[in-house]
Amino acid sequence: MKKKKKTTVDMCSDCPAICCHDLALMITKPKSKEEISELKWEIMYDTVNVCIRNHKWYTLIKGRCIYLDKNNLCSNYNNRPGRCRRHNPPDCERYGGWYDVMISSPEELDDYLKNRKK
Ligand code: SF4
Ligand code: SF4
């Protein structure tokens with residue numbers, strides 16, 4: 001029997017809306033000592049990570065969208081921003097395809113930059 005393809009709605013069902021609990025802001029790749037030091041300072045906070053996707057760098061700030069209701073559903077669904085509309089599975093946090101690299105501490109940033117130079 002042919003397997004039915006999962007739709008976006010199926011793939012989101014029972015998800016605790018992981019994508020509505022983080023905010024990705026694009027940044028430029030840190031190059032100078034000062035830029036690296038600034039970024040290290042940001043990721044000392046446990047609510048802030050850095051992720052890299054398709055060679056683009058982002059700070060990822062954990063939090064919770066104010067429009068997410070207590071059932072983890074969007075209470076602003078019809079007016080949700082384009083960024084929300086374009087963010088769909090399987091290219092999302094739940095299925096692991098959203099980023100290529102996740103960096104969550106100054107030490108991990110040092111390791112990543114050191115290994116990239118090799
Ligand atoms: S897009 Fe991904 S992370 Fe967001 S609700 Fe759907 S399955 Fe969950
Ligand atoms: S507006 Fe809705 S879909 Fe967008 S982040 Fe908030 S709760 Fe999620």
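**Entry: ligand shells.** I began with ligand 2. Its shell divides into six nonpolar residues, one polar and one charged. For these classes I count Ala, Val, Leu, Ile, Met, Phe, Trp, Tyr, Cys and Pro as nonpolar, Asp, Glu, Lys and Arg as charged, and the others, Gly among them, as polar. The residues around ligand 2 are Cys-20, Cys-65, Tyr-67, Leu-68, Cys-74, Asn-76, Arg-80 and Cys-84.

I then took ligand 1. Its shell holds eight nonpolar, two polar and two charged residues. Among the residues surrounding ligand 1 are Cys-12, Cys-15, Cys-19 and Cys-92. His-87, Asn-88, Glu-93 and Arg-94 also belong to that shell.

**Entry: ground rules.** The model is predicted, so I note its limits: local features need pLDDT of at least 70, side-chain atom pairs count only at pLDDT 80 or more, and totals for chains, interfaces and linings use all residues. Residues are numbered from 1 along each chain as its sequence is written, while chains are lettered from A and ligands numbered from 1 in the order in which they are written.

**Entry: overall layout.** I found four helices and four strands in the protein chain. These are DSSP runs numbered from the N terminus: helices are H or I with at least four residues, strands are E with at least two. Along the sequence the pattern reads α-β-α-β-β-α-β-α. The C-alpha trace spans about 50 × 40 × 20 Å along its principal axes. Buried residues make up 8% of the 118 residues. My cut-offs count other C-beta atoms, placed from the backbone, within 10 Å of a residue's own: buried is 20 or more, exposed is 12 or fewer, and partly exposed lies in between.

**Entry: the sheet.** In what order do the four strands of the open sheet lie? I read β1-β3-β2-β4, with antiparallel pairing. β1 (22-27) and β4 (101-103) stand at the edges with a single partner strand each, so one side of each has no neighbour in the sheet. Two strands pair if DSSP finds at least two bridges between them.

Next I checked β2 (residues 48-53) against β3 (residues 56-62). Six bridges join these antiparallel strands. Ile-52 has Trp-57 of β3 as its bridge partner, and Cys-51 stands opposite Tyr-58.

On to β4. Three bridges join β2 to β4, again antiparallel. Here Val-50 is the bridge partner of Ile-103.

**Entry: helix α4.** Does α4 lie in the open or in the interior, and why? The number of buried residues among its 12 is zero, so α4 lies largely in the open. I also checked its length.

Lys-117 is exposed, with 5 other C-beta atoms within 10 Å. From C-alpha to C-alpha, Lys-117 and Tyr-67 are 42 Å apart in space, and they are 50 residues apart in sequence.

Terms used. A residue is near a molecule or strand if its C-beta atom, placed from the backbone, lies within 6 Å of it.
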